Amino acid sequence: MSNVEVLPLLEPAESQGVAPCCPPLTERPMSAEEAEAAARMFKALGDPVRLRLFSAVASHEGGEACVCDISDVGVSQPTVSHHLKKLKEAGLLTSERRGTWVYYRVEPSVLAAMGKLLTMPAAV
């Protein structure tokens, strides 16, 4: 008799607690809830400082960045913290405290969902 249990596989988004916000725009009209989620994401990225911070994290070596490495965006440290908080609230970044520093990550599923939202369907 074996004690091995077969567990279902989870998609990366499910395992990380990050769910894609919406279907592609060309698939069907968005529901009110989907539109709210997409609007939060676009609103968060609508600020140039936030977009620079998001880009700095997404493009950083290893897929994560210490706040100490991305703070040079032309605003004060408290303002950087405010913008990073807004990106986290929109579900675009996750963070982990290590000692006195906070490290930020963009979950791959978030980038995939953002790309899928704006992708045109393949020609048939």
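Predicted model: local features only at pLDDT ≥ 70, side-chain atom pairs only at ≥ 80, totals over all residues.
Me: How many helices and strands does the protein chain have, and what makes a run count as one?
Reply: The protein chain has 6 helices and 3 strands. Helices are DSSP runs of H or I with at least four residues, strands are DSSP runs of E with at least two, and both are numbered from the N terminus. Along the sequence the pattern reads α-α-α-β-α-α-β-β-α.

Me: Why is S71 called buried?
Reply: Buried means under 20% relative accessible area, exposed means over 50%, and partly exposed lies in between (1.4 Å probe, protein chains only). S71 has 18% relative accessibility, so S71 counts as buried. Buried residues make up 31% of the 124 residues in the protein chain.

Me: Where does S71 lie, and what does the side chain of S71 reach?
Reply: S71 lies in the loop between α4 (67-70) and α5 (77-89). A polar contact is a pair of N or O atoms within 3.5 Å; within protein, one must be able to donate a hydrogen and the other to accept it, and residues adjacent in sequence count only if both atoms are side-chain atoms. The side chain of S71 reaches the backbone oxygen of V67 at 2.6 Å. The side chains of S71 and Q77 are joined by a polar contact of 3.0 Å.

Me: Which residues does S71 touch, not counting those up to four places away in sequence?
Reply: Contact means heavy atoms within 4.5 Å. On that basis S71 touches Q77 and V80.

Me: Why is α3 called roughly perpendicular to α5?
Reply: Helix α3 (residues 48-59) packs against α5 at an angle of about 75 degrees, with the axes 10 Å apart. Angles under 35 degrees count as roughly parallel, over 145 as roughly antiparallel, 65 to 115 as roughly perpendicular and the rest as oblique. The angle of about 75 degrees therefore makes α3 roughly perpendicular to α5. The axes are lines fitted to C-alpha atoms, for helices over the stretch in contact, and angles run from 0 to 180 degrees between N-to-C directions.

Me: Which residues make the contact of α3 with α5?
Reply: From α3 come V49, R50, L53 and F54, and from α5 come V80, H82, H83, L84, K86 and L87. They divide into 6 nonpolar, 2 polar and 2 charged. Here Ala, Val, Leu, Ile, Met, Phe, Trp, Tyr, Cys and Pro count as nonpolar, Asp, Glu, Lys and Arg as charged, and the others, Gly among them, as polar.

Me: What makes the pair of R28 and E34 a salt bridge?
Reply: A salt bridge is a side-chain nitrogen of Lys or Arg within 4 Å of a carboxyl oxygen of Asp or Glu.

Me: Are R28 and E34 buried or partly exposed?
Reply: R28 has a relative accessible area of 37%, so R28 is partly exposed. E34 is buried, because its relative accessible area is 14%.

Me: Which salt bridges does R105 form with E64 and E96?
Reply: E64 and R105 form a salt bridge with the closest N and O atoms 2.9 Å apart. That pair links distant parts of the chain, with E64 in strand β1 (residues 64-66) and R105 in strand β3 (residues 101-105), 41 residues apart. E96 also forms a salt bridge with R105, the closest N and O atoms being 3.7 Å apart. A network of salt bridges links E64, E96, R98 and R105.

Me: How do you know that K88 is partly exposed?
Reply: The relative accessibility of K88 is 37%, so K88 counts as partly exposed. K88 is found in helix α5. The side chain of K88 makes a polar contact of 2.7 Å with the side chain of S95.

Technical notes: Residues numbered from 1 in each chain as written. Heavy atoms only, no water.
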